[in-house]
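Thanks for coming. Please look at the model on the screen, and I will walk you through two parts of it.

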Amino acid sequence: MSAQAERKTENLPQWKKEEVDELAELIENYESVGIVGITGIPSKQLQDMRRDLYGTAELRVSRNTLQVRALEDAGLGDLVEHIEGQVGLVGTNENPFSLYKELEASKTPAPINEGEVAPNDIVVPEGDTGVDPGPFVGELQSIGANARIEDGSIQVMEDSTVLAAGEEVSADLSNVLNELGIEPKEVGLDLRAVIADGVLFDPEDLDIDIEAYESDVATAAARARNLSINASYPTEATAPTLIAKATGEAKSLGLHAAIEDEALMPDLVSKADAQLRALAARIDDEDALPEELQGVEAPAAEPAADAEGDDESADDQDDAEADAAEDDDDDDDDEDAGGGEGLGAMFG
């Protein structure tokens, strides 16, 4: 606390000093501190709200001048401009977004009284009012509702906007709304501003759809990851995938180039076996084949060697068929040259 603040506090009566100290303790104990409006909240309901916040946040109501002094002493002067009317200090270790969401969810519908300002358009809905025929139909009509008597009761014929947002409620309108059980306003702690980690948040900053926001962040993260992988830009998150991708591509290249590497030998042998079987299956004269190849069928599918296994299997089959076609041409050449001894020499 500054020397000037200490001098100001020294001039306060003892009970005010104690109150400022308690407000200062609240400010110091919590990571987020805000101002909430409490105008129009009955005392009992305010106590219920304070109890409901227990474990999540702490609410303290005090004189505005004392709240201003405590905030200024704590270096939170940005909140002072939001102290107007009936307000209180709220402290929490939750993030401001969670606090705002909880306070909004705790609000409840309430009647609106004469002289209050409508927070939004007030509408008398279409339908049966449940009120027997009588003077009340005239009261409805006087406030602008399209009402008349039908089927033994007073009916509102269409949704009727009887007061626009920002306008003052008259005594007649308040009486009609109370008679109909219409509660056009919400009562609750109205968060005006909150400071967390030195940053001031207004309600407009906190009024977001958290689920939609999380979905947007997840989508952006997925797109960033795909971009990193496609651009071969290594990060802690993408390095394992890039290494696996490079390993698969290297293996595929080794298989297509028939590089005799220890790690590739099982797949190279499988590939050669598949090509041999494909070739043997194309030969009609089984007597021209060694005994172990007689009656073999072309393999239905080749084992996948890597992430591109399906493409590679198709390539292997194409290679096998191409080799078989080339061998057929060679066999034709051998037969033309001097008999059918070419296949016998090929297969031992």
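**A strand with two partners**

Strand β11, residues 190–196, pairs with strand β12, residues 199–201, in the antiparallel sense over three bridges. Two strands pair here if DSSP finds at least two bridges between them. Strands are DSSP runs of E, at least two residues, and helices are runs of H or I, at least four, numbered from the N terminus.

A word on sources. This is a predicted model: local features need pLDDT of at least 70, side-chain atom pairs count only at pLDDT 80 or more, and totals for chains, interfaces and linings use all residues. Residues are numbered from 1 along each chain as its sequence is written, and side-chain values use heavy atoms, with hydrogens and water left out.

Back to β11. In its hairpin with β12, two residues lie between the strands, and Asp 197 takes a positive phi near 55°. Strand β1, residues 32–37, also pairs with β11, antiparallel, over six bridges. Now find Val 194. It is the bridge partner of Gly 34, and it stands opposite Phe 201 in β12. How many of the seven residues of β11 are buried? Five, so β11 is mostly covered, where buried means under 20% relative accessible area with a 1.4 Å probe, protein chains only.

Next, two helices. Helix α2, residues 14–29, packs against helix α4, residues 64–73, at an angle of about 50°, with the axes 9 Å apart. Axes are lines fitted to C-alpha atoms over the stretch in contact, and angles run from 0 to 180 degrees between N-to-C directions.

Key
Buried means under 20% relative accessible area, exposed over 50%, partly exposed in between (1.4 Å probe, protein chains only).
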